[in-house]
Amino acid sequence: MGYLSCKAGSAVAIAASTSGSGKPESPPEDRPRLRRFLHGDLESATGGFAVDNLLGRGSHGSVYKAVVGSRLVAVKRPSKSREISHNEFEILSRIRSPRFVNLVGFSADNAKEPLLVCEFMGNGSLYDVIHSDSASNFGAISSWGKRIKIALQIAKAVHLLHSQEPPIMHRDIKSANVLMDKNLNAKLGDFGLAIRCNADDQKMKSTPPAGTMGYLDPDYVTADRLSTKTDVFSFGILLLEIISGRKAIDVRYSPSFIVDWAIPMIKRGKIAGIYDPRIGTPLDVSVRNHLGLVAAKCVRTCTEKRPGMEEVVGWLTGLTKSLRSRRWDDLGIGNPCMMVETVGRPVE
Ligand SMILES: Nc1ncnc2c1ncn2[C@@H]1O[C@H](COP(=O)(O)OP(=O)(O)OP(=O)(O)O)[C@@H](O)[C@H]1O
């Protein structure tokens, strides 16, 4: 992952910077006002990085719970001394959204390792919610309305990244990188692999492919194949996971890869087979027939045929409305393919 030493003072400058054109990259009200912390204050707030306050470990380091002022936050401490996720800082210091695990601040004391301070997400990752045996958070995904709401929240987060100029590719969309807040709203986190660039940028050409097995677009084999459609594929895998309740790769199933398992069922007109048996097939016929198709479109082999995230947001919004009104007319899907491409017909 791209980590960089964070020099004292650089953060404030980055937070106030503009794009090459001199235009602000996001409206002033969306720009984070980052707080600069003293390392010692964060160390105290985490009880000296106490195990009791450990929220989890990732490949970059450890994450601790802390209270600063009266606010609960998560403090990210890199495992390699004095290195910080440059990408995460670069992206989150310029843009904030209710759909992201936003940056609250940072510490960059010269003598200590830099720390990132993020919003605290009280209900763990979506991966845990879907796959943990404990019933504690299952309520978050106990109905199709809740599952579509979560899928829509993530789709909006990805769409927001893709609609920046230049676009931001997250490159690591997966259920473990979606965190749930205290109200069980889903927020996209871990921007450690994210890249902000256009297709012909040198930055893209010099960044080797990366991501997580099971979610990684098979078309993204060389640096120049990266596009927003790379994220669309990973989102499609995540959507299949939300729909089915099974993992992206799971040897208890045959086939073990979720795409090879779900897509043939959809093509054979057996779409009901992909829905999570823990809550049963959606009763609403439009949801039953189309939710799986949205995922199938996202994981198409042909990159160009995959939808953009704006379309995906539109379709999931339509399905939410359909659930509310229980009428197909309210879907408003607006894509003729969706109307023609019914269950049992090829999705490629
Ligand atoms: N803002 C947060 N609030 C609450 N818990 C968090 C927060 N950020 C991370 N965590 C917890 O810490 C764990 C590690 O997070 P981190 O982002 O470092 O790594 P990861 O995404 O799990 O792994 P990797 O970086 O290797 O992809 C997460 O799985 C989650 O349980």
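Glu88 and Lys76 form a salt bridge through their side chains, at 3.3 Å from N to O. This is a predicted model, so please keep that in mind for everything I show. Glu88 belongs to helix 3, residues 86–92, and Lys76 belongs to strand 5, residues 71–78, so the contact ties together parts that are 12 residues apart in sequence. Is Glu88 buried or exposed, and what about Lys76? Glu88 is buried, and Lys76 is buried too.

That pair is part of a longer list. Searching the whole structure gives 11 salt bridges. I will go through some of them.

Next, Arg306 and Asp217. Their side chains meet in a salt bridge at 2.9 Å, N to O. Where do the two residues sit in the chain? Arg306 is in the loop between helix 9 (285–298) and helix 10 (309–325), while Asp217 is in the loop between helix 6 (202–205) and helix 7 (228–244). The pair links distant parts of the chain, 89 residues apart. Arg306 and Asp217 are both buried.

Now Arg278 and Asp276. Here the salt bridge between the side chains is 2.9 Å, N to O. Asp276 has a relative accessible area of 2%, so Asp276 is buried. There is also a network: Arg96, Glu119 and Lys187 are joined by salt bridges that share partners.

On to the aromatic residues. How many aromatic pairs does the structure hold? The count is 5. One of them is Trp144 with Tyr275: the ring centres are 5.3 Å apart and the planes stand at 85°, so this pair is edge-to-face. Trp144 is in helix 5, residues 144–162, and Tyr275 is in the loop between helix 8 (258–267) and helix 9, so the pair ties together parts that are 131 residues apart in sequence.

Last, charges over rings. Which ring does the charged end of Arg77 sit over? It is the ring of Phe49, and the charged end of Arg77 is 3.9 Å from the centre of that ring. Arg246 gives another case, with its charged end over the ring of Tyr253, 4.4 Å from the centre.

How values were computed
Residues numbered from 1 in each chain as written. Predicted model: local features only at pLDDT ≥ 70, side-chain atom pairs only at ≥ 80, totals over all residues. Heavy atoms only, no water. Salt bridge = Lys/Arg side-chain N within 4 Å of Asp/Glu carboxyl O. Helix = DSSP H or I, 4+ residues; strand = E, 2+ residues; numbered from the N terminus. Buried < 20%, exposed > 50% of the residue type's maximum accessible area, 1.4 Å probe, protein only. Phe/Tyr/Trp six-rings, centres within 6.5 Å; stacked < 30°, edge-to-face > 60°. Lys NZ or Arg CZ within 6 Å of the ring centre and 35° of its normal.
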